[in-house]
Amino acid sequence: MSLYRKLLLRLHPFKTLQDDYITRLQGSVGGAGMLHPGNVYAFNYALRRLPETGAVLEIGSFAGLSANVISWLLRKHQAETRLFFCCDPWVYDGYHDVSRKEDPEYLEYFEGCAHVTREAYTNFIRESFMRNTQLFSKGFLPHAFHLTSDAFFDAWHEKRMLTDVFHAPVTLGGPLAFVYVDGDHSYEQASRDVEHALKHLVPGGFLLLDDSADFWKYGSVRLARELKRRKGLELVMKNPNYLFVKR
Ligand SMILES: C[S@@+](CC[C@H](N)C(=O)[O-])C[C@H]1O[C@@H](n2cnc3c(N)ncnc32)[C@H](O)[C@@H]1O
């Protein structure tokens, strides 16, 4: 282990979950760098303690790693009767979109490299999500929607009946027991996601905010600090991202 990693661990220690299935899964599904191991511990904590009613929702699925971890943990804790929903518009943000907003080449291609268009890349990630979940969540596929979280919550509030990406019809709406917020991490969007989630979260339900650890610089960090002071929400852990329970 490098000295830097040792120092980082000392500064930001967090708990991890030892689970052979998840270890293999992380080596098999893209996006491992996006799923903090502390989140896996927090998933397990929350999914073992779910309130009696309510569905599980993931905002931002990418290639399906966290969705597969969640479905595995629900399976492991005999909670397969829970409805599990995901949403993702499968968009691509380049590292330099702001500074190169006048550069159409950069904006069309994957990091500006002309052999991979952004469209081909996002189609690939969506297809990867489908193949990965069809393999690892077989028999317990999430109801996944190619939608932004705003569009998803509109449909949720209106209790619309929709067909998911696997062609399964389902009626949206009702209580939520666990929400994982991992879509657009800007303060504005993450705040909207949390407000929408809290409207439906039942007492005893959990909310995990990705990229909210104190040492990051995302909008979700500011949001997590605000939520810490919010009445009716209790901080369960910072591992290092914030997990809350609704009281
Ligand atoms: C960090 S990745 C998610 C990683 C995934 N949860 C995992 O750990 O395997 C963020 C995802 O959020 C999606 N996203 C961006 N804006 C969104 C929005 N408004 N609503 C829902 N998802 C969004 C992106 O398309 C991307 O796939």
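At what angle do the axes of helix H2 (residues 20–28) and helix H4 (residues 65–76) cross?

## Helix pairs

The crossing of H2 and H4 is at roughly 165°, and their axes come within 10 Å. That makes H2 roughly antiparallel to H4, a label for angles over 145 degrees, while those under 35 degrees count as roughly parallel, 65 to 115 as roughly perpendicular and the rest as oblique. H2 passes H4 in a right-handed crossing. Axes here are lines fitted to C-alpha atoms, for helices over the stretch in contact, with angles running from 0 to 180 degrees between N-to-C directions.

Helix H7 (residues 149–157) and helix H8 (residues 187–200) also have axes that come within 10 Å, and these cross at roughly 20°. H7 is therefore roughly parallel to H8. The crossing of H7 past H8 is left-handed (the near helix is turned anticlockwise from the far one by less than a right angle; clockwise is right-handed). Helices (H or I, at least four residues) and strands (E, at least two) are DSSP runs, numbered from the N terminus.

## About the model

This is a predicted model, in which local features need pLDDT of at least 70, side-chain atom pairs count only at pLDDT 80 or more, and totals for chains, interfaces and linings use all residues. Residues are numbered from 1 along each chain as its sequence is written, and side-chain values use heavy atoms, leaving out hydrogens and water.

## Around the ligand

Ser 149 instead places a backbone N or O atom 2.9 Å from a nitrogen atom of the ligand. The protein covers 90% of the 610 Å² of accessible area that the ligand has on its own (Shrake-Rupley method, 1.4 Å probe).

## Two loop residues

The peptide bond from Asn 239 to Pro 240 is cis, with omega near -10°. Pro 240 sits in the loop between strand E10 (233–238) and strand E11 (242–246).

Trp 90 is not a glycine, yet has a positive phi of about 50°. Look for Trp 90 in the loop between strand E2 (84–87) and helix H5 (104–108).

Methods: A polar contact is a pair of N or O atoms within 3.5 Å; within protein, one must be able to donate a hydrogen and the other to accept it, and residues adjacent in sequence count only if both atoms are side-chain atoms.
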